[in-house]
Amino acid sequence: MSYRSLLRVAGVGFFPLGFLARLPYATSALSTLILLQAATHSYAFAGLASAAQSIAIAIGGPVVGAMTDRHGHRKVGVAAALANFAAWAALLAASHGNRAGMFAAAALVGLTQPQVGPLVRVHWSRLVQSRNEHHLLSPALSYEASADELSFVAGPAFVGLLASVSPLAPAVATMALLAASTLPFALIYAHRTTHQQPSGQQERPYLPRRPLAVMFLAMVAMGAIFGAVQTAVTVYANTIDQPGASGLVYAEFGIGSALAGAACAWLPQKFSLRARYVSFAAILCAGMLILFIGTQLVSLPAAVAVASFTVAPYMISLYALTERLAPAERAAVAMTILCAGGPLGTAAGQAFSGSLADTHGVDGALLVALIVAAGALLLALSAILADRQRNIWIIDTAPVTRPVVQERSEHPQNIH
């Protein structure tokens with residue numbers, strides 16, 4: 001019933017176009033890696049450029065979010081799609097030149113990356129509030145988590161198929177997706193948002209720094225777990241002399257997480273955000289323990305199948321808490337700050353797990369995931385204990401008043 005209600009609120013076309021619109025993000029890293037490795041015949045350089053791209057995404061995301069809060073989703077969404085398309089064209093051109101140009105172009109692709117995932121969550125928040133259907137926010141965030149996970153399954157698989165044709169094909173396909181889905185999605189569904197400008201001595205709405213810092217660190221931990229698991233499945237595939245198996249095993253991780261995320265739509269309303277955050281942090285830690293031990297006792301694919309169900313619920317709790325803590329006028333920058341923790345954590349997780357994997361194999365990489373998950377649980381417990389229901393470190397209750405946001409969309413299904 002909840003998901004049927006989402007169809008009624010957003011319109012059927014929102015979902016397929018929104019899924020395709022986020023695929024360029026899911027294909028970006030692997031497309032860059034394949035293109036630059038083919039151009040330079042160096043995995044080390046290609047990996048370094050991809051890491052720089054991930055860091056650039058983390059830096060550029062909050063900038064895009066701040067611009068969105070100021071100028072509206074539609075203007076910034078369209079500008080980001082066009083800028084990213086131009087950056088990919090620059091990367092294709094640079095692939096025929098020197099390494100410095102390739103590195104700079106790869107970073108530019110990251111800086112201009114359209115923030116479809118974070119901003120569409122802000123869109124849902126404002127849409128359900130404007131229709132006074134707040135109960136739909138939970139299934140909306142559950143759907144978005146599942147869509148994200150599935151995009152990171154479909155994206156690399158799509159790139160892998162295209163790479164067999166040409167190392168240029170994934171980059172060209174990413175540009176096609178930007179033009180055919182990301183840009184139309186911004187034009188059709190993004191709101192034009194106008195805020196009441198502060199007058200006199202009025203200041204911009206306050207963005208709570210401490211709870212946002214907790215959410216950011218929690219997302220860094222989630223990214224580090226992704227990075228460690230990616231490393232582990234790669235080592236596992238090489239160990240069994242089937243390099244192609246890494247993509248299949250990691251796809252299993254994404255599919256299980258997507259199913260768990262979809263199921264979160266039916267969590268009871270009495271299960272508060274505060275309780276969800278701590279509970280799902282504990283479940284995530286248990287999942288990584290199962291992954292670490294299960295790999296030794298049974299097999300990595302079997303352990304991944306179980307552990308994957310503990311990922312999305314934790315991430316959904318972070319998105320929901322961030323949506324709750326951010327004033328409406330600064331929701332986009334808050335959500336993009338949260339999401340910036342993902343690529344930073346992934347880069348760190350890959351670096352540390354790769355170092356341990358060199359000496360301890362799969363177990364070394366998975367140990368990093370377990371330690372990080374334990375740290376995420378400690379962070380959640382510490383924040384709850386420090387807060388003591390004061391809504392300082394963890395904001396669990398909606399504010400009495402929220403800043404006025406006037407929205408309008410040219411899409412008829414968003415007019416009421």
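Reader: What makes helix 13 largely enclosed by the rest of the structure?

Author: Buried means under 20% relative accessible area, exposed over 50% and partly exposed in between, with a 1.4 Å probe and protein chains only. In helix 13, 13 of the 14 residues are buried, so the rest of the structure largely encloses it. A word on the source: this is a predicted model, where local features need pLDDT of at least 70, side-chain atom pairs count only at pLDDT 80 or more, and totals for chains, interfaces and linings use all residues. Residues are numbered from 1 along each chain as its sequence is written, and side-chain values use heavy atoms, leaving out hydrogens and water.

Reader: How do you know that the span of helix 13 agrees with its number of residues?

Author: The expected span is 1.5 Å times one less than the number of residues. For residues 312–325 that should give 20 Å, and the end C-alpha atoms are 20 Å apart, so the two agree. Helices here are DSSP runs of H or I with at least four residues, strands are runs of E with at least two, and both are numbered from the N terminus. The chain has 14 helices and two strands.

Reader: Why is Leu108 called partly exposed?

Author: Its relative accessibility is 36%, so Leu108 counts as partly exposed. Leu108 lies in helix 5.

Reader: How much of the chain is buried?

Author: Buried residues make up 56% of the 416 residues.
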